[in-house]
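Dear colleague,

Please find below the structure that I promised to pass on, together with its sequence. My notes on it follow, and I would be glad if you read them with the model open beside you.

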Amino acid sequence: YPITVNLLVNGQVSATQTIQSSSDYPSDNISFPYSSASNTAATISVQLIDNALYSVTSATTTVVVTTGT
């Protein structure tokens, strides 16, 4: 079954990637580009949705996004 990986910024889905099946898990990390119009703090978490059975969201962490990074 496909697995949806969501990047949540301040509780809202900011970006999504799909892994086609559990056997296709990447050997590297999944990365999401993110930028902000100004220097702000944001809470970031990741949500995994196994489209067959499960959904889980990580704990949040606060990061400061700096313009241009």
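In what follows, buried means under 20% relative accessible area, exposed means over 50%, and partly exposed covers what lies in between (1.4 Å probe, protein chains only). This is a predicted model, in which local features need pLDDT of at least 70 and side-chain atom pairs count only at pLDDT 80 or more, whereas totals for chains, interfaces and linings use all residues. Residues are numbered from 1 along each chain as its sequence is written, and side-chain values use heavy atoms, with hydrogens and water left out.

The protein chain has five strands and zero helices, where strands (E, at least two residues) and helices (H or I, at least four) are DSSP runs numbered from the N terminus. Of its 69 residues, 23% count as buried. The protein chain exposes about 4,800 Å², of which carbon and sulfur atoms supply 52%; such areas come from the Shrake-Rupley method with a 1.4 Å probe, and for residues only the protein chains shown count as cover. Taking contact to mean heavy atoms within 4.5 Å, residues 24 or more positions apart account for 46% of the contacts in the protein chain with a separation of 6 or more.

As to the pairing of strands, which requires that DSSP find at least two bridges between them, S1 (residues 3-9) and S3 (residues 40-50) run antiparallel and are joined by seven bridges, with Val-5 standing opposite Leu-48 in S3. S1 also pairs with S2 (residues 12-19) in the antiparallel sense, over seven bridges, and the bridge partner of Asn-6 in S2 is Thr-16. The hairpin of S1 and S2 has two residues between the strands, and Asn-10 takes a positive phi near 55° there. S3 is in turn joined to S4 (residues 55-57) by three bridges, again in an antiparallel arrangement, and Ile-49 stands opposite Ser-55 in S4; the hairpin between S3 and S4 passes through four residues.

Two residues of S3 deserve a separate word. Ser-45 is found in S3 and counts as buried, because its relative accessibility is 6%; leaving aside neighbours within four places in sequence, Ser-45 is in contact with Asn-6, Leu-7, Leu-8, Thr-57, Ser-58, Ala-59 and Thr-60. Leu-48 also lies in S3, but counts as partly exposed, because its relative accessible area is 37%. Leu-48 and Ile-3 are 45 residues apart in sequence and 6.8 Å apart in space, C-alpha to C-alpha.

Among the contacts of Leu-7, beyond its neighbours within four places in sequence, are Ala-15, Phe-32, Ile-44 and Ser-45.

With kind regards
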